[in-house]
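Please keep the sequence and the model in view while reading.

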Amino acid sequence: MFDQSETSKPPRTAVAFFVSVLVTALSAIGCSEPVPPADVLRQARTSLRARDYDQVETLAAKIPAAAPEWQAGQLLAGEAAAKDGRLRSALKYYLAAAGSDETSEDGQLALFSAAEVHLELSELDDAERIYRDILKRAPNNGITNARMAFLLSITGRRWEALDHYFSLIRGGDADYRELALAADVGRDIEQDEFLERCRRQTPDNKLVRLALATEAFSEGRIEAEALLTELVADHPELTSAQAMLGELLVDSPDPTRFVEWRDALPPNALTSPDIAFVYGLWARKQSELEIAAQCFWQTVIRTPFHRRGFYVLG
């Protein structure tokens, strides 16, 4: 006779088959054991090296926001989007990564990367704001000082750029061009291709307008006065624009234009070496040579690197 209990047991092979099918089914409906975020992050890095940019973003999205790896994942997704030419998406990832903790190493890198995207998009105001934020925490950061020196120089704010050039020199990060500019900060910087891209992409951006007006002034183009007049009407706080406009008005056939400009200057402009220099030019034209000398002297006291100030004093 057969034992009833033994005949009721299914064969072991059938049990194994059933378990295999069950595991497969559960995996298919998302019940498999989750991959650790650290492993997902490693997979994303591998995909980035393989230039599989969509996969990088897909993997980054799988990392939970509460996981320590989330910030690094967003940073990788931003890099993937940037390399794929989708700068707006990259900016979104970088800002998200920085927003989670901008004090971390990845957070600072995300901030810098966001500024670089803004610069590529010709959004100079936003780029400068972020570069300044980075330098508050890392004042000796070489590449960020280089970016600030560049932006300040092309927008006519050369005396502000000096601190950043000196930081580069002290840190051993200055190249020969930056050394030359630090030695003669009044020298014009030719950035025709960059400025033309800015003109096409963001012609209404405040700092783009300032850069284009600075270029026109430096090249002696006739439209410089109109560009500067419109700019200071919208943004009177831009002292470098005020100084360039004032210098043009010194030679205006209508002297009341200079007087009106001078009387409308905001208080923050009065300490500028360039404004003191313009006052000196005006006094010299009026044959008030003692006042002119005092103004030029104030110019070189405020910055000992004002080549034109020393020239007219001599």
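In helix α4 (residues 53-61), the buried residues are Tyr 53, Val 56, Glu 57, Leu 59 and Ala 60. Here buried means under 20% relative accessible area, exposed means over 50%, and partly exposed lies in between (1.4 Å probe, protein chains only). Helices are DSSP runs of H or I with at least four residues, numbered from the N terminus. An α-helix has 3.6 residues a turn, so residues three or four places apart point the same way.

The face turned away from the buried side of α4 carries the exposed residues Asp 54 and Ala 61. The cover over the buried residues of α4 includes α3 (37-49), α5 and α6 (87-100).

## Basis of the model

The model is predicted: local features need pLDDT of at least 70, side-chain atom pairs count only at pLDDT 80 or more, and totals for chains, interfaces and linings use all residues. Residues are numbered from 1 along each chain as its sequence is written, and side-chain values use heavy atoms, with hydrogens and water left out.

The predictor's confidence in each residue, from 0 to 100, is called pLDDT. Its mean over the chain is 89, and 89% of the residues reach 70 or more. Over residues 1-8, however, the pLDDT is below 50. Residues 25-30 also stay under 50.

## Gln 71 in helix α5

Gln 71 belongs to helix α5 (residues 70-83) and is buried, with a relative accessible area of 10%. Its side chain makes a polar contact of 3.1 Å with that of Ser 100. Such a contact is a pair of N or O atoms within 3.5 Å; within protein, one must be able to donate a hydrogen and the other to accept it, and residues adjacent in sequence count only if both atoms are side-chain atoms.

## The nonpolar cores

A nonpolar core is a set of buried Ala, Val, Leu, Ile, Met, Phe, Trp, Tyr and Cys residues joined through side-chain atoms within 4.5 Å. The largest one has 70 residues, of which Leu 124, Tyr 131, Phe 194 and Trp 261 touch the most other members. Helix α13 (residues 206-218) gives the most to this core, with eight residues. Another core, of 13 residues, lies apart from it and includes Leu 41, Ala 72, Leu 76 and Ala 80.

How values were computed:
Helices (H or I, at least four residues) and strands (E, at least two) are DSSP runs, numbered from the N terminus. Contact means heavy atoms within 4.5 Å.
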